[in-house]
Amino acid sequence: MAEARTTTEQSRTAKLSLPTLTMMVVGSMVGAGVFSLPSRFAQETGVAGALIAWAVAGTGMLMLAFVFQTLAVRRPDLDAGVYAYAKAGFGEYLGFFSAFGYWASACVGNVTYWVLIMSTIGAVAPALGDGDTVLAVVLSSAGLWLFFWLISRGVKEAAAINRIVTVAKVVPILIFVVIALFYFEPAVFADNFGGADYAGSLFQQVKGTMLATVFVFLGVEGASVYSRHARRREDVGRATVLGFLSVFAVFASVTVVSYGLMPMGEIAELRQPSMAGVLEHAVGNWGQVFISVGLIVSVLGAYLAWTLMAAEVLFVAAKDDDMPRFLKRSTPADVPLPALVMSTALSQVFLIVTYFSDDAFDFALNLTSALTLIPFLLAAAFALKISAAGERQRATELVVAALATFYTAFLIYAAGLKFLLVSLIVYAPASVLFVMARKEQGRRVFSARELVILAVSVIGAVIGVVALTLGWISI
């Protein structure tokens, strides 16, 4: 009886309401990316290109949000979002790749948070540099494992902290937009409209911003990852759309108003977080301090949410026998501890890798986005597949799924060959986990179709390693 009562209490405390799910989506999306938007966009495009990029990204991501909403209703039997959709639509091996890619992107994304924190503090503590010095890596590593300890105490406690932090971190961003509008200079905005000489054609400008927009919108699928904790399945889709709409206008505003304060070339040269540099230009040193404090609060909250989601994906994949058994273990507090350890460890590895990169923040940001694209593409393609078949075919769902699929495919093209190859270097070794899971079940490891997929990933990874070794591409 005592055991049954404990299980019931855990189940009840794990259930998440619509406001909580929405807050988790917003908390996941509002993170390091938004504080870097001014310079990230100014390095690639002027005002015209930025407006087009946000229109494309906003429409594409809204279609993707609608896809997750549709799938939550049409396939309520599927948990863990992206991973479950890929598996149901295209088989266990691609489902495994989707789970691993999404998990790896979350772990690499967590690295950007610590790099940005150290870069922010580095403005007053030069020993931290741009977040890529030995001291910065050591302090970031300590932060990684401190948060591991916090999250290991329980999902409920960590989620409650995340709700508080989400509210706190949105405030400085909104204040930035209001102050920027007050100091807005139409003449500067007009000079930035067409873009600088280094930006290239309008198409190149828009294409160059795509990975940045993917990064800031990561988290739009957050509610679907926690679908097993939702009180009602329809709340998963509603939280996805509400969370997206809540932050889209904020992201676009941060970018556009910055063009009215400083010349594009000067914004592009700002150190991260560039939002702090823009506000400092407008109001003085207190603006930089204000944004820097807001960034640290924002990033720590986003890190908390993403670490939870990363562990959840591994845990659910293991429960479905697509990951080794040790990853399905959880504590009495409903924390998937082995998955949490593995997530923190991978973040630690990539944190060390950033020390050797040319630009630690940009590398981690772009790789995070690139790793996410395959899981997003498979989820959108699954929605297209089920919308085009069966008696329940609906024209609107079909159009939305088609647009989401086209958009995610375009993002892979926009990411370029470099990040596709680096992504495959990460993806290919993951098959070891798939082999372990199959052997534990006494099943044939790979089917003929899966061997083809394995060969493509391994060949791509080998090419990527050779390209890095010979200097054809760099990190």
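How many cavities of 30 Å³ or more does a search of the whole structure find? In this predicted model, the search finds two. The second largest cavity holds about 60 Å³ of space. Its lining is made up of Ala370, Leu373, Ile374, Ile412, Ala415, Gly416, Phe419, Leu420 and Ser423. Two helices, H18 (360-387) and H19 (395-427), each supply at least two residues of this lining. The largest share comes from H19, with six residues. Sorted by class, the lining of the second largest cavity has seven nonpolar residues and two polar ones, while charged residues are absent.

Aromatic side chains were examined next. The structure has 20 aromatic pairs. In one of them, the ring centres of Tyr93 and Phe434 are 4.8 Å apart and the ring planes meet at 50°, so the pair is classed as tilted. Tyr93 belongs to helix H6 (residues 92-122) and Phe434 to helix H20 (residues 431-440), so this pair ties together parts of the chain that lie 341 residues apart in sequence. Tyr93 has a relative accessible area of 1% and is therefore buried. Phe434 is likewise buried, at 1% relative accessibility. Both residues are members of one aromatic cluster, which also contains Phe96, Phe97, Phe100, Trp103, Tyr427 and Phe446. A ring is also involved in an arrangement with a charged group: the charged end of Lys385 sits over the ring of Phe90, at 5.4 Å from the ring centre.

Thr307 is part of helix H16, which covers residues 285-319. With a relative accessible area of 3%, Thr307 falls under the 20% cut-off and so counts as buried. Apart from neighbours within four places in sequence, the residues in contact with Thr307 are Asn110, Ile151 and Leu340.

Asp321 is found in the loop between H16 and helix H17 (337-354). Most residues other than glycine have a negative phi. Asp321, although not a glycine, has a positive phi of about 65°. The relative accessible area of Asp321 is 35%, a value between the 20% and 50% cut-offs, so this residue is partly exposed.

How values were computed
Residues numbered from 1 in each chain as written. Predicted model: local features only at pLDDT ≥ 70, side-chain atom pairs only at ≥ 80, totals over all residues. Heavy atoms only, no water. Helix = DSSP H or I, 4+ residues; strand = E, 2+ residues; numbered from the N terminus. Buried < 20%, exposed > 50% of the residue type's maximum accessible area, 1.4 Å probe, protein only. Contact = heavy atoms within 4.5 Å. 1 Å grid on protein atoms, 1.4 Å probe; cavity = no way out; pocket = protein on both sides within 12 Å on 5 of 7 lines; lining within 4 Å. Points joined across faces, edges and corners; volume = space filled by probe spheres on them. Nonpolar A, V, L, I, M, F, W, Y, C, P; charged D, E, K, R; others polar. Phe/Tyr/Trp six-rings, centres within 6.5 Å; stacked < 30°, edge-to-face > 60°. Lys NZ or Arg CZ within 6 Å of the ring centre and 35° of its normal.
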